Amino acid sequence: MNFRRYQRGDEGAIVDVINRSFSTFRAWGLTPEKWLGYQADPGFKLENAFVAEDDGKIIGHVQVVERELNFGNFVKTAGIANVCTDPDYRKKGAATELMSYVMKEASKRYTIAGLDTGYGSSAHRIYRRVGFSPFHFFLRFSAEKWDAERALRRLDRISGGMGKAEEFDAAYKEDIKRIYAENADITAGVSKRTDQYWEEKLFKRNSWQTFFYRELKPEDLLVLPGRAYSYIDWEEERRRLFVREAMASPGDGSALAEIYAEAIRRRPDANEVVVAAPEGDPLVDGLLADFYRFREGGSYMLSLLNPEGFIRQVGPLNGVSADVVELRLYNDVTSLEPVNVSLKDLTPTDKAADAKLGMHQSTFLRMLTGLLSPLSAIYGGLIDIGGSSSNIPFALVSLFPSRRFYLWPSDHW
């Protein structure tokens, strides 16, 4: 079996394998032309498509979608997508071998990789064998009709009768991009969006994930000029309203209340309203108090490809300790290369270590993104501390403060 990057003319065979593997793409009507059209997303690069060949026939495929995600600073991330094997070639190790090849190639350009798949599935086990670890399960804020009606009454009181949100107009583009950027700076996990990304994926289309979209209609994007916006989608079969993305200028609770309220007003016949929103934001929790919270079944997984390189890209952060620790990270199958790190700013250093820190890569990444408090990790036995320093718990708390986290559905891959 041979593994390689995309070559011109591969798109027909790649699309055939994808369609044979995923009912979602068959229903979507994926064609070679649509696949090549994904280059409108700056993170989709033809050279980051990988294939497995058997006797010259393409029987497997993996796409790496590049994203810059906020881990304290924005870090280029290899988003693993559309991992598939021709049904006639399954259970022969092709997917594992192709993924191993892709991970080696990705490590030449990226320091971290991410993907989303069902926990406990055969695919999940393949990903763990090549270095990925479960990192997070997203929350879904959900309200049936009665809950949504109650929420709307309360949101109306909070918004204080301000002007109603309007349908999208091109004049609002810069306001929308500014509001997103202000929130992206303070929300771990979110993706940096270029002007091209906005134009192609979000102002021309109503997109979900990288690969599915429809033409944007003005009523899909609600705007409270200068203050807030939301993308909404209606699923007729389930009579479900999906608020796919909603943001206001940071701290503007009245505007966020109004943008949620207007979305609900638009579909009084909805059986269910689902809102995508960051975790760890008290304002969101308060405004959506009438919604119920469910963990999604998909496991968001991450793999550190180069711990030292990743830490250099993340830092410097703001800590309080002058100590240096030897940081030893590991995943489910191997130990990663240790690196000496200053606890003052989380940057690699050549100085001798005062102590040793050992932890699973998931523990480190969850602390970094604010999903896990360092004290909870220490008390829960998730961190091994060796050496004489007594400042480590306080140092970790200062480096890894609690903060909100989200990866918006439009940026999924």
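Me: What makes strand β12 largely enclosed by the rest of the structure?
Reply: In this predicted model, a residue is called buried when its relative accessible area is under 20%. Six of the eight residues of β12, which spans residues 228-235, are buried, and therefore the strand is largely enclosed by the rest of the structure.

Me: How do you know that β11 and β12 pair?
Reply: Pairing requires at least two bridges between two strands, and four bridges join β11 (residues 221-224) to β12, with the strands running antiparallel.

Me: What is the sense of the pairing between β12 and β13, and over how many bridges does it run?
Reply: β12 and β13 (residues 240-248) pair in the antiparallel sense over eight bridges, where at least two are needed for two strands to count as paired. Ala228 has Ala248 as its bridge partner in β13. Four residues lie between the strands of this hairpin, in which Arg239 takes a positive phi near 50 degrees.

Me: Which values describe the packing of helices α6 and α9?
Reply: The axes of α6 (residues 145-159) and α9 (residues 253-266) are 8 Å apart and form an angle of about 145 degrees. The crossing of α6 past α9 is left-handed. Residues making the contact include Leu152 and Leu155 of α6 and Ala257 and Ile264 of α9, and the residues of this contact divide into eight nonpolar, three polar and three charged.

Terms used: Residues are numbered from 1 along each chain as its sequence is written. This is a predicted model: local features need pLDDT of at least 70, side-chain atom pairs count only at pLDDT 80 or more; totals for chains, interfaces and linings use all residues. Side-chain values use heavy atoms; hydrogens and water are left out. Axes are lines fitted to C-alpha atoms, for helices over the stretch in contact, and angles run from 0 to 180 degrees between N-to-C directions. Helices (H or I, at least four residues) and strands (E, at least two) are DSSP runs, numbered from the N terminus. A crossing is left-handed if the near helix is turned anticlockwise from the far one by less than a right angle, and right-handed if clockwise. Contact means heavy atoms within 4.5 Å. Ala, Val, Leu, Ile, Met, Phe, Trp, Tyr, Cys and Pro count as nonpolar, Asp, Glu, Lys and Arg as charged, and the others, Gly among them, as polar. Buried means under 20% relative accessible area, exposed over 50%, partly exposed in between (1.4 Å probe, protein chains only).
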